[in-house]
Every structure is written in C-alpha cells, then in structure tokens.
Amino acid sequence: MKEKRRRRGLPFKRVLLMSLAGLKHKTIRLIISILLAVIAFSFVGFSLTVTNSDVVGAELKECYAEGVSVVLLSPDSEQYSSRLGRYLDVSTFTNSQTEAYESATGKEIIGAYILSVYDANPYANSPEESSYSIQSSSNESLYDSLIIQRFDAVVELNSDTTEEDLAITPDPRLAETTECRLPSNIYEIAITDLKADFYIKYGYMTDDGEEVVIETPDDLIGKTLDGFTIVGIYSTTEDCEDLKQITKDSCGERKYSYYVKGYHVANFAFLYEGYETNESIYGSNAIYGSGSLKHNIYYKLSGSLSTDKALIKKMTYTEAGYSHILTDTYSVCLSSPYSGFSRAAQNYLADEVIMVAYVVAVIFMIISILLTANFMMTSHEERKREFGILRALGAKTGDVTKICLVEGLAIALIEFVLSLVATGVISAILNVYFFIPVFFMGVIPILAVFLLSIGVTALGVISPTVKLSRKKPIDIINGS
C-alpha cells in the first residue's frame, strides 16, 4: 500500500516575497498607519527614556569632565509623604542618612549651608559708592556675576578639617611670608580668590568708614569681613580665569543663566563650627541672610561615577509608617556648578509631562490599530484572486496565514526602527538644548518599543488574517 504523499508548504523565500509585495497595496493608508504608530511608540519610548534617565550621573560626569571636585549633597526638599498625605518639610539630613554617609566615606560630615534668601548684602566692608557701580555693571561673564553675589554657601569647619578635605589650596598670589590658614575659632573666616578679587577691584572699607585700597590678596589678611577676621584666601577647583571665559556672548544667554543658577565653590565662605554664636555679626545679613538655613554636606568627589552614585543611593531609603503600607522616602539632591542645567532638564521628568505623553501615545496607538486592520482587510480584498488561486493549487491555509503574518511583521519592524530613530533624535535634541547629556535610550525603552510594535501590529493583523484563513478557495476568489 502506497503511503500518502505529504504536501509541502510554500518556501519561506516565496512567502517573504509575497508578503513584501502586499505592502504595495494602499500605500498612502499604510504610510499614515505607520506614521501614527511611530508617533505613539516614540512618545512611549521617550517617556520611558525620561523615566529611566540618570540626571545625577549626567551631572557628575560634567563635574569630572570639567575638573570640578567638590559638590554639595542636599536633602530632597520636594519629597511627598504618602503616609502623611503631604510634602515633607526636609531641611536637614536624617540620622540614618548621616550614618550612611560616614559609613560609606569613613569621614565625618563637613556641613554647608545654602542661603535660602536673596537679600543678603554682598557688599559688606566695601566702599558705599561701589554698590551703585556694581549693580549697574553689565555682568557679561560668569566671573562678573559671581564676584558681586553673596556667598553661595557657608562651609562649617572644625579643628580636624584640612585643606585637602576641602580640595582648596592657598591663593598662589599670596606672598610666601603671608600666613594662610583655615579658621580655628568662631571669629575667623577664609574666603576664595574670587571674593578677594572683589575687594581688589572695588576697594575695602573698615568698620570706621575708612576706605582702603586692596592691591593684592595679602592686603586682606587680618581685615574683618562683617565681624569675622580674614585668616585665609584660597583657590578652588574653579579657576577664575575659566569663569571669565563663560560669557553671554560666548555661550548664549540661556546657557549662561544655567551657569549662574549653579552652586560654585569659588563663591563659598569657610567658617568655624558654631560661628552663628559670634555676637559681632548679630543682626547682620551679609553672611547668612535673614532666612532659615538648609543643611548640606560639602562632599569631595571620589572621581569614580560608581562610587559617588553608590553613596547617594546608600543615603536614599524608605521609612514605613505605622500601617507598613504608606511610606516616606528620603533622598538626596546634588548641587554643583551644573545644577542649573540638570534641573532645567528635570522639568521633563515631571509626572504630569509623562502622563500626557502616555495619554497621547494610547490615542495614537488605537488609531494605528484601526488603520492597520483596515489596511490588511483592503489588501486582502485586492489580493483575493491571488490567495484563492494559491489555495486551489494546493497551498495550505497555513501558507496564506504565514504571508499575512510576515507582512504584519514587516510593518512592525518598520515601525520599530523608525520609532527608535525618532526617540533617539528627540533625546539628542533635548540633550543639546539643555547642554547636558541626560536623555539616552536604554534597554527598557528599546524593549518596550519593540514589544509595542509587535503587539499593536498584531492586533491590527490577526482579525483580518483569521477571517481569510477560514474561507474556502472558491469563496476567496468570489469575494464572499
């Protein structure tokens, strides 16, 4: 008895060619469907890129690249407590965060305080007539802007704090015979070469109203600054000559404004712990303003991205409430010369922005599914004679199904590739716009766009394909 010969399906090459040929039908409708899908997937891809962006890592990389070795670590003041149902008023680090820092670094915390008001007097002990000329100056460079500002932050030292801990060195303009040291009591202050330039440029006024010309930093040693005696003038990792090169003309007004919004160690002051008890400055606002102070950590970067990020991660923790369901999360912010850039980019991390992106993506995906299904149905209608003849000549139902599915897969791959390109272009444009490389597509956005491309196209392809596969060859040819 002869064994029944088994029919072989269409070769894959033939299936592929017929599938690609199907894309020629209703081309405009197909293009519109693909474009809508690309828009939807790009919104999703970019939203996930934003959600998974590493703002802290980007800011740290900028610091490493530009030779900045000191930043401030601050408690996140915009933390929402699900346990309390409100935003937390966080002005200091918790004991757990302090312990985590000291455990990770093996060092005691060097405290720093960012001024919370903008009405502090930057002209302490300067000639009164200089105030008008300073305020009316053009401030064309970052150096010009910083030199007339109040201190960005006050760093609190103790007897164990060294110049190496602070990453500062005595101003090289000081004479070898001039003693330059850090404060050793609450009545002393150390300033930077930037602030020394202020008095060299505009002069110095004694507490008795006598105007003194300052020619070199040496002339400032021993002078009083709003009740504190200047005992040291230091250079930081921010070179004053470099700050002079950053101007509105050289980098543009928007980029310049981001620089100004950063926290520059060149504009810090160094005081001894407990300095707020110095009665000689009672009622003054030259050093620490009239508002409350916010505690920060003066942190010397390790130079290793993994080490510095691990420290920040270790200082971030979640505290459960009484129900062990609602929680408070305590995290850390980075304050550096590039904080103005990263915080501008963070506007795209807002939940509202991401939610709008997802809503738009869903709307476009639904439209894309309907258009894809419509395209497949009209494509099948135009090719009904071709499919019917194939079936009549012995092609299996699975062969026709393969042709339709491969056609759908081709559409999905086109949408996937175009969506990746679109998301990458958007990310690159925003990185250029904010002058800091924050947005990069990772594995999660790429995988999500791929699965969406396959899933959405499948929803548009499966129904028309199933209907076609259930018909007899004669019915396909007759269009019934």
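Leaving out neighbours within four places in sequence, Arg181 is in contact (heavy atoms within 4.5 Å) with Glu188, Ala190, Val231, Gly232 and Tyr234. This comes from a predicted model, where local features need pLDDT of at least 70, side-chain atom pairs count only at pLDDT 80 or more, and totals for chains, interfaces and linings use all residues. Residues are numbered from 1 along each chain as its sequence is written, and side-chain values use heavy atoms, with hydrogens and water left out.

Where does Arg181 sit? Its place is the loop between strand 6 (169-170) and strand 7 (188-192); strands (E, at least two residues) and helices (H or I, at least four) are DSSP runs, numbered from the N terminus. Arg181 counts as partly exposed because its relative accessibility is 26%, and the label covers values between buried (under 20% relative accessible area) and exposed (over 50%), with a 1.4 Å probe and protein chains only.

Next comes helix 4 (residues 95-105), where Gln97, Ala100 and Tyr101 are buried. They lie on the same side of helix 4, because they cover an arc of only 100 degrees around the axis, judged by the directions from the helix axis to the C-beta atoms. On the face turned away from that buried side are the exposed residues Asn95, Glu99 and Ser103. Just after helix 4, Gly106 takes a positive phi of about 75 degrees.

Tyr101 also turns up among the contacts of Leu73, as do Phe93 and Met315, once residues up to four places away in sequence are set aside.
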